[in-house]
Amino acid sequence: MTVEMPQWIMILGNFGFPIAITVYLFIRFEKKLESLEEVILHLGEIIKNTRKD
């Protein structure tokens, strides 16, 4: 006798983990991109101020 798993459990097993990892990475990369954006804007201000002098 075989016990069949409901379809939604199989879908969750096949796609749930990759989706969770993707969401985690997007959140992590978003924070790093925001930090990088701040640094680039600050660098632009420094370059602009250096050229004025």
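Okay, a definition to begin with: helices here are DSSP runs of H or I, at least four residues long, strands are runs of E, at least two, and both are numbered from the N terminus. By that rule, the chain has one helix and zero strands.

Before we go on, this is a predicted model, where local features need pLDDT of at least 70, side-chain atom pairs count only at pLDDT 80 or more, and totals for chains, interfaces and linings use all residues. Residues are numbered from 1 along each chain as its sequence is written, and side-chain values use heavy atoms, with hydrogens and water left out.

So, the helix. α1 covers residues 7-52, and Ile-9 lies in it. How far apart are the end C-alpha atoms of α1? They're 66 Å apart, which agrees with the 68 Å that 46 residues should span; that expected span is 1.5 Å times one less than the number of residues.

There's a bend, too: about 40° at Phe-15, with Pro-18 following within four residues. The bend is the angle between axes fitted to the seven residues ending there and the seven starting there.

Now, the overall outline. The C-alpha atoms fill a box of roughly 85 × 10 × 10 Å along the principal axes.

What about burial? Buried means under 20% relative accessible area, exposed over 50%, and partly exposed in between, using a 1.4 Å probe and protein chains only. Of the 53 residues, 0% count as buried. Ile-9 is partly exposed at 31%, and Ile-11, also in α1, is partly exposed at 42%.

Last one: the C-alpha atoms of Ile-11 and Tyr-24 are separated by 20 Å, with the two residues 13 apart along the chain.
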